[in-house]
Amino acid sequence: MASDSESQHGTIIAHYGIAVAVRFDDGSQRSVNVRRNSGHLVGDRVESDERGLTSLPATGILRRRDKHGRVHSIASNLDVIGVVVAVRPVSPLGFVDRAIVSARSAGIDPILVVNKSDLAGSMQLYEQIASEYASSARAFLVGALDGQGLDALREFFASGKRGVFIGTSGVGKSSLLNVICPDLELRVGELNTTSGLGRHVTTTATLHALPGGGELVDTPGFRDFGPVEVSSRDLARHFPGFEAALEHACRFNDCSHRAEPGCSVQDAVAGGSLDESRHAAYLQLLVELEQAELDARGY
Ligand SMILES: Nc1nc2c(ncn2[C@@H]2O[C@H](COP(=O)(O)OP(=O)(O)O)[C@@H](O)[C@H]2O)c(=O)[nH]1
Ligand SMILES: [Mg+2]
Ligand SMILES: [Zn+2]
């Protein structure tokens, strides 16, 4: 078909709200106008032909909730979410658990990044996190300012993984991006020039190839809102620390691991193979999410 020969495949590498930049598979790059809220995401594989730009089905979609409770999709085809924490500012209780559950629910692998290694107490925080989440996610101790540990992080992405950093405001996500993608600001400028929209246009998200391999998504157009609220069902399936226990399924498929008979999680706590504090942390988050779900239904 004639139209087939004119269709081109590529990847969306920047989103400006009313236009996206596409890197085509032949190496060329250009911006394409899209409707606002057209659903195109940075990271999407796309097909471009005379009808316009069509995003192909994607996996690994990062979603966030804004302060009005609306959910926004931000980037797609992600392999990794780097959950960034630091000794200062300290992340809210349950943040890491929620972020891990949120990543896993989206089919994305979480890693834990303890930043600000130069600050006192960082090693202790790293050791605590590395041991608490040993069965769930790899942990890195890094310093965006002094460069410590960054090679291990770069190496992790170098196998071609596409990642994004999430975390509370102030933990150093932007600083990390800037040291890992040294050409970040320059490239964002270039992309805006490419878009023909000028440098003042807000980019909501951009995709950056790392010098040693892999890619990172930057989300300058989004505030540091947290991971999307996970459902109580997601929590029960994906809570970090329950992996070994859940290798043997609970009696009930929708077990909430609270008081049901034949529950592998409760058995693991009773048998001493699962730390009671993990179960307590789970129950606390579960109550919170169940309440939010009731509130959302208007009870
Ligand atoms: N001491 C120390 N401060 C850091 C480090 N990384 C970032 N910061 C500082 O933490 C603050 C917040 O960093 P920023 O990258 O804007 O955090 P973001 O809100 O997560 O993007 C800034 O003042 C940074 O200079 C680090 O490795 N060590
Ligand atoms: Mg930032
Ligand atoms: Zn159970």
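Is Ser 117 buried or exposed?

Mentor: Ser 117 is buried, because its relative accessible area is 14%, where buried means under 20%, exposed over 50% and partly exposed in between (1.4 Å probe, protein chains only). The model is predicted, so local features need pLDDT of at least 70 and side-chain atom pairs pLDDT 80 or more, whereas totals for chains, interfaces and linings use all residues. Residues are numbered from 1 along each chain as written, chains are lettered from A and ligands numbered from 1 in written order, and side-chain values use heavy atoms, without hydrogens or water.

Ser 117 belongs to the loop that links strand 9 (109-114) with helix 3 (122-132); helices (H or I, at least four residues) and strands (E, at least two) are DSSP runs, numbered from the N terminus. A polar atom of the Ser 117 side chain is 3.5 Å from the backbone nitrogen of Gly 143.

Lys 116 places a polar side-chain atom 3.0 Å from an oxygen atom of ligand 1, and Asp 118 places one 2.7 Å from a nitrogen atom of ligand 1. Ser 174 also contributes, with a polar side-chain atom 2.9 Å from an oxygen atom of ligand 1. There are 16 residues around ligand 1, each having a heavy atom within 4 Å of it. The nearest of these residues are Asp 118, Gly 170, Lys 173, Ser 174 and Ser 175.

Six of its eight residues are buried, so strand 1 is largely enclosed by the rest of the structure. Thr 11 lies in strand 1 (residues 8-15) and counts as buried because its relative accessible area is 6%. The side chain of Thr 11 also lies in polar contact with that of Arg 45, at 3.0 Å.

Strand 1 has several partners, a pair of strands requiring at least two DSSP bridges. Strand 2 (residues 19-24) runs antiparallel to strand 1 and is joined to it by five bridges; here Ile 12 has Val 22 as its bridge partner. Three residues separate the two strands of this hairpin, and Gly 17 has a positive phi near 90°. Strand 4 (residues 45-49) is likewise antiparallel to strand 1, through four bridges, with His 9 partnered by Glu 47. Strand 12 (residues 205-209) pairs with strand 1 in the antiparallel sense over two bridges, and Thr 206 of strand 12 stands opposite Ala 14.

Strand 7 (residues 71-75) runs antiparallel to strand 6, and four bridges join them. Within this pairing Val 71 of strand 7 stands opposite Arg 65. The two strands form a hairpin with five residues between them, and Gly 69 in the turn has a positive phi of about 90°.

Phe 239 occupies the loop between helix 7 (232-238) and helix 8 (243-246), and counts as buried because its relative accessibility is 1%. The C-alpha atoms of Phe 239 and Val 83 are 15 Å apart, although 156 residues separate them along the chain.

Conventions. A polar contact is a pair of N or O atoms within 3.5 Å; within protein, one must be able to donate a hydrogen and the other to accept it, and residues adjacent in sequence count only if both atoms are side-chain atoms.
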